[in-house]
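Please look over the sequence and the structure before reading on. My remarks are set out as numbered points.

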Amino acid sequence: MNFLVGLARRACLGLSPCLFAFSVPAQDDYEIQVYGSETVPTGKTMVELHSNYTIEGERQTVNGVMPSYHAFHETLEITQGFTPWFETGFYIFSSIQPAEGWQWVGDHLRPRVRVPEEWHWPVGLSLSTEVGYQRRSVS
């Protein structure tokens, strides 16, 4: 019986983050990404395309920022692995506005380090930061 109680408890703990994910609103128009602790292997390059469409959003220009209603956002991410524990990602943000067409939004640089495998930590851990520029009219 203790086995079943333990199994049920682990299942509930494992599924609980999924339940909260459905009630959390997005906070960025261009990309939200959660990274695992692994980095791109040394000498390898990864290319990703992130696509977002805003179904509901601002319909008016507010303080010089174009509306987000029915805007389509494309982010090109190019990540290069430099060592077994260090990578750098480069992002190119673009936006397709219904009335304005396709526009460049800005760029970001994201260096990331992780705990090396040789340390034999029980969990994977990495740390990243992003620096960059986004045009005010489309941010």
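1. The model is predicted. Its protein chain has 1 helix and 6 strands.

2. The protein chain has 139 residues, and 25% of them count as buried. Its accessible surface is about 9800 Å², and carbon and sulfur atoms account for 63% of that area.

3. A word on contacts in the protein chain. If we take those between residues at least 6 apart in sequence, 52% link residues at least 24 apart.

4. Where is serine 37 found? Serine 37 lies in the loop that runs between helix 1 (2-21) and strand 1. The C-alpha atoms of serine 37 and valine 123 are 8.7 Å apart, although 86 residues separate the two along the chain. With neighbours within four places in sequence left aside, the contacts of serine 37 are Arg112, Arg114, Gly124, Leu125 and Ser126.

5. Glutamate 58 belongs to the loop between strand 1 (45-53) and strand 2 (72-83). Which residues does glutamate 58 touch, not counting those up to four places away in sequence? They are Pro67, Ser68 and Tyr69. For serine 68, the C-alpha to C-alpha distance from glutamate 58 is 5.2 Å, with the two residues 10 apart in sequence.

6. Why does glutamate 58 count as partly exposed? Its relative accessibility is 40%, and the partly exposed class covers values between the buried limit of under 20% and the exposed limit of over 50%.

Terms used: Residues numbered from 1 in each chain as written. Predicted model: local features only at pLDDT ≥ 70, side-chain atom pairs only at ≥ 80, totals over all residues. Heavy atoms only, no water. Helix = DSSP H or I, 4+ residues; strand = E, 2+ residues; numbered from the N terminus. Buried < 20%, exposed > 50% of the residue type's maximum accessible area, 1.4 Å probe, protein only. Contact = heavy atoms within 4.5 Å. Areas by Shrake-Rupley, 256 points an atom, 1.4 Å probe, with all protein chains shown as cover.
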